Number of protein chains: 2
Amino acid sequence: MNAEIIAVGSEMLTHTRVDTNSLFLTEQLNDLGIEVTQKHVVGDDRERIAGLIGRAVSAVQFVIISGGLGPTEDDLTRDAVAMALGRRQLLNEPIVEAIEQRFRQMNRVMPEINKRQAMVIEGAQILANDRGTAPGQWIEEGGGVVMLLPGPPHELKSMFTKQCLPRLERIVPALAIRTLQLRISGMSESELDQAIAPIYKRYENPVTTILAHNADMQVHLRARCKTEGETMLLLAEVGGQIEAVLGERIYSRNGDPLEAVIGQKLVAARATLAVAESATGGGLADRISGVPGSSAYFLGGFVTYTKRMKVDVLGVPEEVIERFGPVSAETAEAMAHAARLRTGATWALSVTGNAGPTTDGDEAPVGMVYVGLSGPRETVSFHRQWNSDRARVRAFAGQMALDLLHRKLSGR
Amino acid sequence: MNAEIIAVGSEMLTHTRVDTNSLFLTEQLNDLGIEVTQKHVVGDDRERIAGLIGRAVSAVQFVIISGGLGPTEDDLTRDAVAMALGRRQLLNEPIVEAIEQRFRQMNRVMPEINKRQAMVIEGAQILANDRGTAPGQWIEEGGGVVMLLPGPPHELKSMFTKQCLPRLERIVPALAIRTLQLRISGMSESELDQAIAPIYKRYENPVTTILAHNADMQVHLRARCKTEGETMLLLAEVGGQIEAVLGERIYSRNGDPLEAVIGQKLVAARATLAVAESATGGGLADRISGVPGSSAYFLGGFVTYTKRMKVDVLGVPEEVIERFGPVSAETAEAMAHAARLRTGATWALSVTGNAGPTTDGDEAPVGMVYVGLSGPRETVSFHRQWNSDRARVRAFAGQMALDLLHRKLSGR
């Protein structure tokens, strides 16, 4: 079973707008076992829209059209569908009344133009819109279905989920879908792909996707079979091989990001955390404090962008910086140690480095970063150098710091 | 003059991938005065690709196809174009040699399969690829042009800019394009649109786009006329009206973000900046230190996520927090004042609030944020309450703090 998705709207043909509805629709359709064979974006032009619909209807079983259902003269999807299918449009009085009532609730009178939204293709089922004024339509045609959905993503998602999915599930043989989501730290995207491609490339089902955001990696496996038992077995077979290869580099199996997993471990250990940052400039604290409930374990920290801040405010001994330089293992360790001392936290992370774009005088080379961790038993540090831009070096450095703490909290 | 863009590749039909090449191509084509009337995404299927190409060639003057030029059997764009145009493919020996040499430079032998990349449509001009092995093709057909470009964005951009643009400029009457980019602070997207829509809606040229990222707004105007003089006049006419309406809320006309504009003002005034954050948890320092060269004026700051951090580390008087609460004008002002005192900075910003998702006991309501600013002459504070999620409240609060400092540095 195949589908084509058509997004209607001239604004989707500008250089700043992407059609994202089709990503949601693709995921939903794939979960039903329906493949998307083509996607189209077309402007507000009746003949062009009708041309696309006519060809799609003759090529695939399901045609999903988003957008162009508003009240203005630019909203041509209804007219184009009527033209392509050779059907009439009829004014639907209950829809007129529903729209009028919506306007009354806002203390306004329905403009005459909104009656356009009550025009229904002959033989269509009406799809209620609980997020806006434009109703959708479900039109069965020659063994297939044409769906008209509104363009705004929150309206489309609600309507597809509540109105289209139940109808599709009656048509399409049911499949059991299960997903496995692994999050991985301490590997680059190419290292990760090299490690697991020999496994996942052997299977079309489950579908395996690698998502990389800066240094944070995710592997998604989505399996679909006729029964839940088959799906679980298949997912266990492929997921098990991938988990065996990645081992301890997997830090989460439920979608939680690294900073949330660390938070859970800190809460469980009744421990607290502080940070002292220079190269990441607040980005590490930002990630840690972005977790809802982080105030239970995150005390706060220091952004020490100058030597004076490191010495006077944080309490790093001046002679350490003088002797080893601000970007050094010794300074990273002294920063972590001082942050722990000044705040009373169980653990303190530090980051010092040169994120670029320039290096002056005796400073460290661009991309060189030291990360320190001070805990109840010892203070350690590690360094790496990245050949990348300022924003990415900062993001990589934050990930490296969290990875270090996570490994320590996991007893490694 | 119209164009259609076709992206080829089954991976573009998954729920995680968007075709972004078409955004680049749309911008480039629009700048030449060519409108994009349709965009398509199609999988690795010869008949479907050929069907799209055949219809596009008969509908528009320019057809641009990206992807499917690799060496494997899945790469079917060349075959599909040959089928759609009814032309033969010929093996091009110089391309074979060039690919062989590329492999030799990597100390490898060219696999036989790579010869597929040397197949050229009869009558095509070859477009050199300086970023990869797949050459592009420029095929003139019935008064129009079909362009075959590689899928990887950096290859496509380089090839389009170096090979296609000069050829297109010979065909298409030249237009002078000028853009105006305004960045605005202190307004919501709907306030901004309401203020300027009555102006920009009266003009199809320039094209006006509003971009919103959290609380940071941008207005882009792109004008194109036959001569530079006409373009400049038109841009001045429309841009002038918009600038008059927005006035001092415009903080940048060259694309610089708010934190960079603030940095320039601090450098010019030989002033320095420190921060003390609780609700934004490092996000404010992160934005400020994200500007290259910010170490010239940014000293650093405090992330004070607990009362003890505010009192013992930052130096806020305990009685202020006791009496007015951690989320209050008094605490915000005491935090800014203490940060300035502790660091010796000319200016210090503070943020305290409740970003949610929950409020406990005597704490402030979710979404309530106070921002403080301490300077050489006075310490002030402002507050706002947002009805939004944690991440957005944090982002809005950071923007509000920067907006406050920017207004002060601008003498307002």
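Colleague: How many residues does the contact take from chain A and from chain B?

Modeller: Keep in mind that this is a predicted model. Two chains meet here, and each gives residues to the contact. The count is 46 residues from chain A and 46 residues from chain B.

Colleague: How do the residues on the side of chain A that touches chain B divide into nonpolar, polar and charged?

Modeller: Several elements of chain A give two or more residues to this side, including α1 (21–31), β14 (298–304) and α13 (390–409). Sorted by type, the residues of this side divide into 19 nonpolar, 21 polar and 6 charged.

Colleague: Which strand of chain B is joined to β14(A), and by how many bridges?

Modeller: Look at residues 298–304 of chain B. The two strands run antiparallel. One facing pair is A:T304 opposite B:G300. The partner of β14(A) is β14 of chain B, and the number of bridges is 5.

Colleague: What kind of axis relates the two copies?

Modeller: Chain A superposes on chain B with an RMSD of 0.2 Å. That takes a rotation of 180 degrees, with 0.1 Å of shift along the axis. The same surface serves both copies, as 100% of the contact residues of chain A recur in chain B. The copies are thus related as by a two-fold rotation axis.

Colleague: Is A:K157 buried, exposed or partly exposed?

Modeller: A:K157 lies in helix α5 (residues 153–171) of chain A. Count the other C-beta atoms within 10 Å: there are 16. Buried needs 20 or more, and exposed needs 12 or fewer. So A:K157 is partly exposed.

Colleague: How far apart in space are A:K157 and A:L25?

Modeller: In sequence, A:K157 and A:L25 are 132 residues apart. In space, C-alpha to C-alpha, the distance is 8.3 Å.

Colleague: Which strands stand at the edges of the open sheet of 4 strands in chain B?

Modeller: The order is β10-β11-β9-β12, with antiparallel pairing. An edge strand here has a single partner strand, so one side is left without a neighbour in the sheet. The edges are β10 (207–213) and β12 (250–252) of chain B.

Colleague: Which residue stands opposite B:L182?

Modeller: Strand β9 (residues 176–184) of chain B pairs with β11 (residues 216–225) of chain B over 9 bridges. The pairing is antiparallel. In β11(B), the residue opposite B:L182 is B:V219.

Colleague: Which helix lies across β9, β11 and β12 of chain B?

Modeller: Take residues 228–246 of chain B. This helix runs at about 155 degrees to β11(B). The name is α7 of chain B.

Note on methods: Residues numbered from 1 in each chain as written. Chains lettered and ligands numbered in written order. Predicted model: local features only at pLDDT ≥ 70, side-chain atom pairs only at ≥ 80, totals over all residues. Contact = placed C-beta atoms within 7 Å. Nonpolar A, V, L, I, M, F, W, Y, C, P; charged D, E, K, R; others polar. Pairing = 2+ DSSP bridges. Least-squares fit on C-alpha atoms with pLDDT ≥ 70 in both. Axes fitted to C-alpha atoms, helices over the stretch in contact; angles between N-to-C directions.
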